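Here are my notes on the model. Please read them with the structure open.

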Amino acid sequence: MNYEYRCPKCHGYIRIGEHIILSAKNKDLPGGLILLHPEPGNYAVIRHSTFNYEKGDLVEFFCPICHHNLDSKKHMNLAMLIMTDESGKDYDIYFSKVAGEYSTLKMIGEHMEIFGEHSGEYLDFFSLSQNY
Ligand SMILES: [Zn+2]
């Protein structure tokens, strides 16, 4: 599972080892760094104990390199990253910004894979032939 993850804006590499490194912010300043698991559907999160949020909070994610806001254009609750597989194919990865909501969508062209128990809530915002 040697996927690379990149920022959609600066294309910088944001996976190091077994972590996707993002800058994040909730309604309480100043936010912090957050480490996500690179396997879609694995919602393990590592963050500093001083960076707190409650279940249901909307967390904003930013590229740690260029500070681009990773909001997707599909839905205000989804953030977006680029994932590149071993053969060099790029996928769009959408994941929920809502704390405690398990929703990840992986797309290439018209093909979509979904992960997480809450992913169904966002399918209506993607007009395509679904494959899952
Ligand atoms: Zn960037």
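Which residue in S10 is the bridge partner of Leu105? Point 1 answers this.

1. The partner of Leu105 is Ile114 in S10. Strand S9 (residues 104-108) and S10 run antiparallel and are joined by five bridges. Strands here are DSSP runs of E, at least two residues long, numbered from the N terminus. Two strands pair if DSSP finds at least two bridges between them.

2. The model is predicted: local features need pLDDT of at least 70, side-chain atom pairs count only at pLDDT 80 or more, and totals for chains, interfaces and linings use all residues. Residues are numbered from 1 along each chain as its sequence is written, and side-chain values use heavy atoms, without hydrogens and water.

3. S9 and S10 belong to an open sheet of five strands, ordered S1-S7-S8-S9-S10, with antiparallel pairing. S1 and strand S10 (111-115) are the edge strands, each pairing on one side only.

4. Now the metal site. The zinc ion has Cys7 (SG), Cys10 (SG), Cys63 (SG) and Cys66 (SG) as protein donors, at 2.3 to 2.4 Å. Donors are N, O and S atoms within 2.8 Å of the metal (3.2 Å for Na, K and Ca); water is not among the atoms, so sites may look incomplete. The donor spacing in sequence is C-x2-C-x52-C-x2-C.

5. Cys10 and Cys66 link distant parts of the chain, 56 residues apart. Cys10 lies in the loop between strand S1 (4-6) and strand S2 (15-16), Cys66 in the loop between strand S6 (60-62) and strand S7 (78-84).

6. Cys10 is partly exposed at 32% relative accessibility. Cys66 is also partly exposed, at 30%. The class lies between buried (under 20% relative accessible area) and exposed (over 50%), using a 1.4 Å probe and protein chains only.

Note on methods:
Helix = DSSP H or I, 4+ residues; strand = E, 2+ residues; numbered from the N terminus.
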